[in-house]
Structure formats: structure tokens, C-alpha cells
Amino acid sequence: EAQLEELLRAATDLSRKGLDTKSAACQRFFRDSLTSSINKILTDEALLGWKPEIQRYIFFNCKDLVELCAAKIKDNWIILLDLLAMVFNPGIKFHHHNYGKPSETCPIDKAPTVEVVYAQPDPRMQRGYLIDCLNHFGNIGGFADLRDHICQTGESFSVSTIASCVRPFGLCAEFLTDECVQEYLMPVVDRVVDYLDGLSDADLKKESKNEARTDTFSIIIRSCRSLCLRCPAREGMPERLEGVCLQLYLRLLQTSSFNGKMNAINEINKMINSMTGYRHGDYSDWLTPSRLAEWVNSKDVLSILLRDNLHQPQYVEKLERIVRFVIKEKMMSLKDLDNIWAAQAGKHEAIVKNV
């Protein structure tokens, strides 16, 4: 633990001085050791048996990592942003194991010990280490730097970079204070929604073919949605976000990329499942089953889905769920039935069987 702490602090010091990229040793640490070390201390099954003092050392490592990530927040370094998402993920093994640990920066029924509170515990599952990491990030300027970087630099961001920037905060949105979300993160959401709305067809096609990470759009949308749900007073924002999401899914369905189409179908099915399951709170009240079914009908989504890939069983299985949803909402038309029949007429045996 002491070695990792020293390395993190040395890397942070070099990063603040702009010297980390000039240090071969620092770059080697970033490249060869940092990710594996953080992954081990936060997710290893063995941590369940480690003593409380070891758990506290891990917390100190997390705080040091938070400082490093804050120092590099403007560098768009996806590796560090992904590690920050691990530290801010309340469901990760380390935080889950220490869910009852009280917060030192924002103790329940006591005055906060920090100048500004950016996160506060849930009395049922306090997750004090997570709360203290979030408050530390805020009090060293992390939230302000993130907002300014995304909203004021005018820099052109890739879809992957945007996803990595917003994901850490979507994961922990339920623990952030209303003031933190409103002042620092909603401006980021506004900027990201504008970004998604303005994506060119070329950018969309390029990203949908990205084999390294096929869920970037899903990450962005889920993260922004989680933050929007914390600010119901933002009139019109939920409607705009869901509208941009649906338009994005429609454009992905029309790309030539199988990955892009599958991602869009998966997200549409998640919406459908949420409306009939226990996780309806994951979406705004604006997105109702009738609105989604109306969108499917008005945008001729079934016709688009029936154009190709019908030889793929996993594709047809997911398409079937959308068809069932349209039937349930009484939006299936005779034209839809004709299109379904035409999709298999005279086609290969595999397509005939699937349809």
C-alpha cells in the first residue's frame, strides 16, 4: 500500500507540473502498473478478508488516485477517467464491502468537516469511503475543472472521451448533492446533449464501427439520464434528452454497422423493459409506453429493422421483443404485417424460419 501511495503522489506532482509526459518512469507506471493495481485493490475477492486498517489504506490510495485524476482531468486520458469511474462506482466490491462505513467529511447528524459538501451519505447504506472521495474531488476543484473543460474550452471531443468523462458521475449521481449536480454537472449534460444532437453522419458511422468499445452511446445516455433525474426542476430537459436519444437510436438503426444496430435495439428494449419492470425510475416520467410506441410507429422503425440481418438469430430475438411491445400497445398496423411477411418471402431458409 505504501509503495502505491508514493507512486500515485509522485505521479500527481509530476502531472501538476506538466512533467509526467517527460518522465519515462511515470509513463511506465501509468502503462504497466496503475490499472492493474487499482483493479486489484478495488475488486479482488480477497479484499473481503482484509483487516479494517488495510481497507483504510485502500481508501487513502483512492484519495490519491482522485487527486491524480483531478490533475489530469483536462487531458482527456480515458485510462484515468475509467479508473475514476471505478472509485466513484458505489457497486464496486470495495465500496459494497464497506457500505456501513460512516463518512468523515459529511457524517450523519453532525456538521460537515469540509468547506463545501458535494456528496452526502444515504443513512441506510452510508458508503463513507465513497462520499469522502467525492467530497475530496470537489474540494480540490475537480467538479469545477470538469465543467470548465467540457463547457468552455471549445475543444472537439470524441464520443469515447465524452463517455469516459460523464460515466464516473452518472454512476454516483444518487449520492451527489442537488447543488453539485445543478452547478457543475447539468452544464456538462447540456453540452453533451448538444454534442449528441449535432453529430454528423460520418461521426456516427465511425463510432458505430468502433470494435474496441461498442457501448459508448449507451454510457453517455445512461449517465446523462441519471444526472437529469436528480434535477426534475429543469423544465424541458428530460423531454429533450429522451428525444435526442430516440433520434440517435433511429440514426444508428439506419447505419450499415451491425454493432450500431444491435446497440440501438438493446437500448430500445431496455426502455421497453423498464416500463413494465421495477426500474421505471431509471427513466423520466415523460417517456411513457404510449410515447415510445408512437415513436416506433411514426418513424417506421419496424420497417427499418426488417431490411436486413434477419439471418442472425440474436438480432431477430431482440426484434421480436419490439414487435410484441408494439402489439401490446395496439400500434401494429396492416402495413407492419405486410412488411413482416415480405421480409421472408422468397428468402433463404434461415430467414424464413426466423421470421
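Contact is taken here to mean heavy atoms within 4.5 Å. The structure is a predicted model, in which local features need pLDDT of at least 70 and side-chain atom pairs count only at pLDDT 80 or more, whereas totals for chains, interfaces and linings use all residues. Residues are numbered from 1 along each chain as its sequence is written, and side-chain values use heavy atoms, with hydrogens and water left out.

Leaving aside neighbours within four places in sequence, Asn76 is in contact with Leu81, His149, Glu155, Phe157 and Thr161. Asn76 lies in the loop between α3 (52-71) and α4 (78-87); helices are DSSP runs of H or I with at least four residues, strands are runs of E with at least two, and both are numbered from the N terminus. The relative accessibility of Asn76 is 18%, so this residue counts as buried (buried, under 20% relative accessible area; exposed, over 50%; partly exposed, in between; 1.4 Å probe, protein chains only). The side chains of Asn76 and His149 make a polar contact at 2.7 Å. A polar contact is a pair of N or O atoms within 3.5 Å; within protein, one must be able to donate a hydrogen and the other to accept it, and residues adjacent in sequence count only if both atoms are side-chain atoms.

Although not a glycine, Asn76 has a positive phi of about 55°. Asp300, also not a glycine, has a positive phi of about 55°. Asp300 is located in the loop between α14 (289-298) and α15 (301-305) and is partly exposed, with a relative accessible area of 28%.

Helix α6 (residues 128-139) has twelve residues and reaches 16 Å from its first C-alpha to its last, close to the expected 16 Å; the expected span is 1.5 Å times one less than the number of residues. Eleven of the twelve residues of α6 are buried, so this helix is largely enclosed by the rest of the structure. Among the buried residues are Tyr129, Leu130, Ile131, Cys133, Leu134 and Phe137, together with Asp132 and His136. Their cover includes α3, α4, α5 (93-97), α7 (142-152) and α8 (159-171). Gly141, which follows α6, has a positive phi near 90°.

Helix α8 packs with helix α11 (residues 216-228) at an angle of about 35°, the axes being 8 Å apart. Axes are lines fitted to C-alpha atoms, for helices over the stretch in contact, and angles run from 0 to 180 degrees between N-to-C directions. The crossing of α8 and α11 is left-handed, that is, the near helix is turned anticlockwise from the far one by less than a right angle (right-handed if clockwise). The residues of this contact comprise nine nonpolar, five polar and one charged. Ala, Val, Leu, Ile, Met, Phe, Trp, Tyr, Cys and Pro count as nonpolar, Asp, Glu, Lys and Arg as charged, and the others, Gly among them, as polar.

Helix α12 (residues 237-253) has 17 residues and reaches 24 Å from its first C-alpha to its last, close to the 24 Å expected. In α12, 13 of the 17 residues are buried, so the helix is largely enclosed by the rest of the structure.
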